Each structure stands twice: as C-alpha cells, then as structure tokens.
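This report describes the fold and the chain contact of the model shown below. Headings mark the topics.

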Amino acid sequence: MIQLVYNPHWFYGKDIIIDIVSIFVLFLIAFFSIKFYKLNKRNKNYLFLALSFIFIGCSFIFKIITNFTIYYHVLETRRIGFMTFTYNAVNSSHILFFVGFLIYRLLMLFGLYMLYSIYLKQQKSNIFLISYLIIISTYFSSSTYYLFHITSLFFLVIITYRYLKNYKKNRDSTTKLLAYSFGMITLSQVVFVFVAINTFLYVIAELIQLASYISLLITFIMVLRHGKKKK
Amino acid sequence: MARKRSRIDIIADMLSSILDKGGEIKPTHLMYKSNLAHNQMKTYLEELIEKNCVRKITKNNHEYLIITNDGSRLLEKIREMKEFERTFGL
C-alpha cells in the first residue's frame, strides 16, 4: 500500500498549525507587496513577489485540506477497529490525497518558479518550457514526492543565493535575516527529502519550516519599522 | 553614473524636503532642495496639491507650501516601500 503520511501519530495536526502560521506570513507579505505595487506600478516585481507568495500560501491551504482529511480517516478507523472498514476508509481518501497533493505541489512549484524568475529574468519560451517540466514532473513521475522536494530545493537554493548576494551588497540586518529565513526554508526541503528514512525527520523539517517563517515575519516587521524610522 | 529618479522618488524627495524644513517651505527652496526644474516641479506640485498631500498658504506676503497629514502618511508608505524593495532586491 502507498504510504499516505510520513509524520508520527503524535504529530498529527501539529503540522497543520505550522502550515497556518506559514500561510499567515506569506499572505501578509503578499498583501503589503500589492499595496506597494499600487504605489509604484512601474515596478512589476512587487506584483510578481505578491503572486508567488499567494501561490505558495494557497499550496499550503491544499496541503492542510488534504492532510486534515487523511488524519480524520486514520483516527476514525482506529476508534472503530474493524479491519475491512479501515481498508475502505483509507482507500476513499486516496483520491483526495492524490488530487490535493497534486495541486499543492503544482502551486508550490509555480510559486517558487515565479519568485526565482524575479531574480533571473526568463524569456517567454523558457517560461513555457519550465512550466511544462513542472507539470510533467509532478503528474507523471513515479517518484513524485522526491522530485517535488528536489525541484523545490533547486529553486530555493538559487533564491537564497540571490538574497545572500543582496545581503553582501547592502550589509544590514534585514537583508541578512531574509537570507537566513530562506536558508532555513531551503534546509527544511533538504530534510523533507529524507523523511522516508525516519518519520521523526518530518517533525524536524516542519519545525525548521516554522522557524523560517517566524524569521520571515520578523524580517518583514523590521522592514516596516526601518522604513518608518528612515529620514 | 546615478540612475534617473522615478516619479515616486521625486515625490518622496519633495515631501522629505518639506518635512526637513519643519513642515513648511517656500516653493523656490523646494525646487532647489529637490533638484527639479521649474516646469517639472509645477507638474508634481499640482499632483500633490490635488491629492491633498501638500497645501499652499500665505504668510507675511510670502507663499509657503506645507505638508499635510496625508502627505506625511504617503511619505511613510514610500519609505516602507523603498525598504521592502531594497531588502527583497526587487
């Protein structure tokens, strides 16, 4: 049978809280980015940043919906305790798992690709090619889980590298913290690749994700405060 | 070579110049302080007055420009935006 969930039983539901925190941070930054875009419509990068964060935030929403249904089914079967019934319940959530996680992966990869494209300008033909590769790798691959996390890792390494370069240019606390935040998101993807080895790694990856999004929130608050202080 | 200022940069420079002078400034001083030609300043000033960010007053037979609350808020937003742009490298 396909392994539906990698996290330990005692961690069920806690990863949902972590994802909700991530969504909040992503949508907050996206909201302000749209506000800034309205002030300066000549710089489309604000809009692209907002859209990429919205995509990533929506991907987490699909992850939550899917996870929540799977956890519900698992808990229900344990309470009733009939073997045949358990088998049916897991089977019925399998389609939802497949569709939900497919949308989660697509939105996440497109969000990351959009963010990557802000820093490495893409030609139109390139956009079509990468989009095609994202779709076939998420839908047709037999090792979708690994491919998804490795592709996310690839985008995140480049994005983090750009933020590090930006920090080296500006040398201040906000650019440094932003580079650290994305460095941690990248690290969480590295750990996610290896969760099949030990389910405890899933917990570690989720905790790194939580730390990275809290760090991103602090960065954003610092950006607003520095902006207010600046004369 | 310094890059050409954008519209939003010029507006921020004008509002900052007024604020640096304690919230009120003579039009000619504003023109010099924000490095603008007369016609350029006229266009931007009309826009700022229309949006209620700057107001004209007369004091001791001299014309002054004062920054309004809306103007201060706009400057604050622009500064936040600039900081955001710099941090994210946009």
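## Crossing of H1(A) and H4(B)

Is the crossing of H1(A) and H4(B) left-handed or right-handed? The crossing of these two helices is left-handed, a term for the near helix being turned anticlockwise from the far one by less than a right angle, with right-handed meaning clockwise. The model is predicted, with local features requiring pLDDT of at least 70 and side-chain atom pairs counting only at pLDDT 80 or more, while totals for chains, interfaces and linings use all residues. Residues are numbered from 1 along each chain as its sequence is written, and chains are lettered from A and ligands numbered from 1 in the order in which they are written.

The axes of H1(A) and helix H4 (residues 69-88) of chain B come within 10 Å and cross at roughly 115°; axes are lines fitted to C-alpha atoms, for helices over the stretch in contact, and angles run from 0 to 180 degrees between N-to-C directions. H1(A) and H4(B) are therefore roughly perpendicular to each other (65 to 115 degrees; under 35 is roughly parallel, over 145 roughly antiparallel and the rest oblique). On the H1(A) side the contact is made by Phe32(A), Phe36(A) and Leu39(A), and on the H4(B) side by Lys77(B), Ile78(B), Met81(B) and Phe84(B). Contact requires C-beta atoms, placed from the backbone, within 7 Å. These residues divide into 6 nonpolar, no polar and 1 charged, where Ala, Val, Leu, Ile, Met, Phe, Trp, Tyr, Cys and Pro count as nonpolar, Asp, Glu, Lys and Arg as charged, and the others, Gly among them, as polar.

## Crossing of H7(A) and H4(B)

H7(A) packs on H4(B) at an angle of about 130°, with the axes 8 Å apart. The two helices are therefore oblique to each other, and the crossing is right-handed. From H7(A), Val223(A), Leu224(A), His226(A), Gly227(A) and Lys228(A) meet residues of H4(B) that include Glu76(B), Arg79(B), Glu80(B) and Phe84(B). By class, this contact has 3 nonpolar, 3 polar and 6 charged residues.

## The chain contact as a whole

Chain A contributes 23 residues to the contact and chain B 16 residues. H7(A) supplies the largest share of the chain A side, 5 residues. That side comprises 10 nonpolar, 9 polar and 4 charged residues.

## Chain A and the cores

Chain A has 7 helices and 0 strands; helices (H or I, at least four residues) and strands (E, at least two) are DSSP runs, numbered from the N terminus. Of its 231 residues, 37% count as buried (20 or more other C-beta atoms within 10 Å of the residue's own; 12 or fewer is exposed, in between partly exposed, with C-beta atoms placed from the backbone).

The largest nonpolar core has 63 residues, and Leu49(A), Phe53(A), Leu112(A), Leu15(B) and Ile18(B) have the most contacts inside it. Such a core is a set of buried Ala, Val, Leu, Ile, Met, Phe, Trp, Tyr and Cys residues joined through C-beta atoms within 7 Å. Helix H3 (residues 83-119) of chain A gives the most to this core, 11 residues. Apart from this core lies another, of 6 residues, among them Phe192(A) and Tyr202(A).

## Positive phi

Arg171(A), not a glycine, has a positive phi of about 50°. Arg171(A) lies in the loop between H5 and H6 of chain A and counts as exposed, with 9 C-beta neighbours inside 10 Å.

Notes:
Two residues are in contact if their C-beta atoms, placed from the backbone, lie within 7 Å.
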